[in-house]
Amino acid sequence: DTDDVGHKYYLELELEDVLDKDRTVSCTAEVLYHLGSKSSAPDVQLTVQGELRSTEEADKEFYTRIRSLEKELVAENIPDSHGNVPPELEPILLLAWAASGYVIWQNSTENTKFNLAQVKHVKQVKRSDEDLQFDYVVLLHEMVSQEVLPWQVTLLWHPQRGARVCQCQGPAPGA
Amino acid sequence: PATMKLLLIFSALLGAALCLETFVGHQVLRIKTKNEEEVKQLQLLESLEHLQLDFWINPSAPALPVDVRIPAASVQSVKAFLESQGIEYSILIEDLQDVLDKEKQDMAESAQRQRSTSFDFGAYHTLDEINAELDHLASEYSFVEKIQIGESYEKRPLYVLKFSTGGSQRPAIWLDAGIHSREWIASDYGTDDSITSLLDKMDLFLLPVANPDGFVYTHTSNRMWRKTRSKIPGSVCIGVDPNRNWDAGFGGPGASNNPCSESYHGPSANSEVEVKSVVDFIKNHGNFKAFLTLHSYSQLLMYPYGYKCTRPDDYAELESLGRAAASSIRSLYGTTFQVGTICKTIYQASGGSIDWSYDNGIKYSFAFELRDTGRYGFLLPASQILPAARETWLGLLRIMEHVRDKSS
């Protein structure tokens, strides 16, 4: 579809649950790539037809585990060179996918295809409120140019409030 | 005077010590900078050559950690400096020599195990391990011969395995992998084979690591390295995309003329010795009927063209054969491969190998992008090596059998 505003795409998608391969959910989406302005992210409207699986228990477990860590979590190279992911870091990788999704959305055009290649570095930042904060450096692979470039992105997460990317400043270390 | 003599003796001792290449007492620190000012301090430190600091991650931006190896003699003074500036650091490695000794021990133990058992096809390997297995295959099977077709930029041998049960100059099939060094699954798959059935009529030539310099670099320095490791005159950037360097639409759309780009086509076609060696070998042989190349990731099975978006003359046959091969692949684990021309399926890309082979009379030219579709991407877990190998093999076999039938 073409307008004077840009190119609009109507999509029918099937989402597959990576953690439960037999589960699929149908969605429809409208994506509008704006004409001209390269610095503007595409508009996306998504409708999920069906239900996403409840992850309440796993969320709670993860939340409690991270909150009770004495030292802030720090990790790097997830997966490692051989594709391994330590089980306790799986949720960190999943959150990295969410964070990367935001960066990818902000930087996508009709001529890009991004993928999260690796979490280069992740650092938890303890907060005075109830959110978990993770400062990521993610490597995004862009298929057309074949570039693999690092991006910094900070993610806040809470079991009920979900994931949000923030432009936030963490508390100063030692403060 | 006396001080000069002392200095000379000291330097001589230092020289001798350095020659031993020991890392006893060397520490690796991880430094966490909080702001640009601290980054500048570290860059200053970097410039002090007498400290002999070896930065594993160089200071560049506040958000990124700085990892540095410090020789024993400089450890105390560097730490004192950091502390006086209020710069946070932690000790990654207390004594590097201990770590190296342990690693050597581990590898010796595993090598011991490997000598008594066969090559572990379910794990990723270093270049040396792969080359050792090539020697092993050549010595164990009379129909397997190891041939050197050239040398890489950094002078590593380019080894091809020839599978032949006789005849002279039989119609031949070419299979290569690892032209892009970060695509480990391709090279690891390449050494797992069972192709004796085909060999009555045809010879098979296998180049498991087409870009050995890049491959070693992905093990030692940067897991995401793609290109060769050649120096580009006039640029600080290194390496050429070997799959944009072939003489097929060279320099056209779909390749970059910027040396710092991942898809840099190089100063001229065949400038990369890794590419030229293959071109010369194939031309000299003169009887190749198929050219197959393995990459990752995306699960695609493609035929020419990449440099232009028009269909090749043999479109119908190649499309049909591609679909049949994808069908064979799917039959094992349900893994789906998309089939089509390079341009329509992935992107326009000039200077690619199968475009060159096709335009030079090798009709059955196919490029595979193996598992997966992005969840692990280049970092495919080792547990998927064997399944990927088995399914891909069915696809390759389907193509090779067709080539055999058409070549007799």
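This is a predicted model: local features need pLDDT of at least 70, side-chain atom pairs count only at pLDDT 80 or more; totals for chains, interfaces and linings use all residues.
Residues are numbered from 1 along each chain as its sequence is written, chains are lettered from A and ligands numbered from 1 in the order written, and side-chain values use heavy atoms, with hydrogens and water left out.

Chain A splits into domain 1 (1–53) and domain 2 (55–174), with bounds taken from an automatic or database domain assignment. Their C-alpha centres sit 22 Å apart. Where they meet, eight residues of domain 1 of chain A are in contact (heavy atoms within 4.5 Å) with seven of domain 2 of chain A. On the domain 1 side, that makes six nonpolar residues, one polar and one charged, where Ala, Val, Leu, Ile, Met, Phe, Trp, Tyr, Cys and Pro count as nonpolar, Asp, Glu, Lys and Arg as charged, and the others, Gly among them, as polar.The two domains bury about 710 Å² between them, 57% of it on carbon and sulfur atoms; buried area is the accessible area (1.4 Å probe) that two parts lose on being put together, summed over both. Tyr33(A), Ala41(A) and Arg53(A) supply 51% of the area that domain 1 of chain A buries here, more than any other three residues.

A cavity is a set of points on a 1 Å grid over the protein atoms alone where a 1.4 Å probe fits but cannot get out. Points are joined across faces, edges and corners, and a volume is the space filled by probe spheres set on them. The largest cavity has a volume of about 250 Å³. Its lining (residues with an atom within 4 Å of a point) counts 25 residues, and Asn243(B), Arg244(B), His295(B), Tyr347(B) and Glu369(B) lie nearest its centre.

Key:
On a 1 Å grid over the protein atoms alone, a cavity is a set of points where a 1.4 Å probe fits but cannot get out, and a pocket is an open set with protein on both sides within 12 Å along at least five of seven lines; lining residues have an atom within 4 Å of a point.
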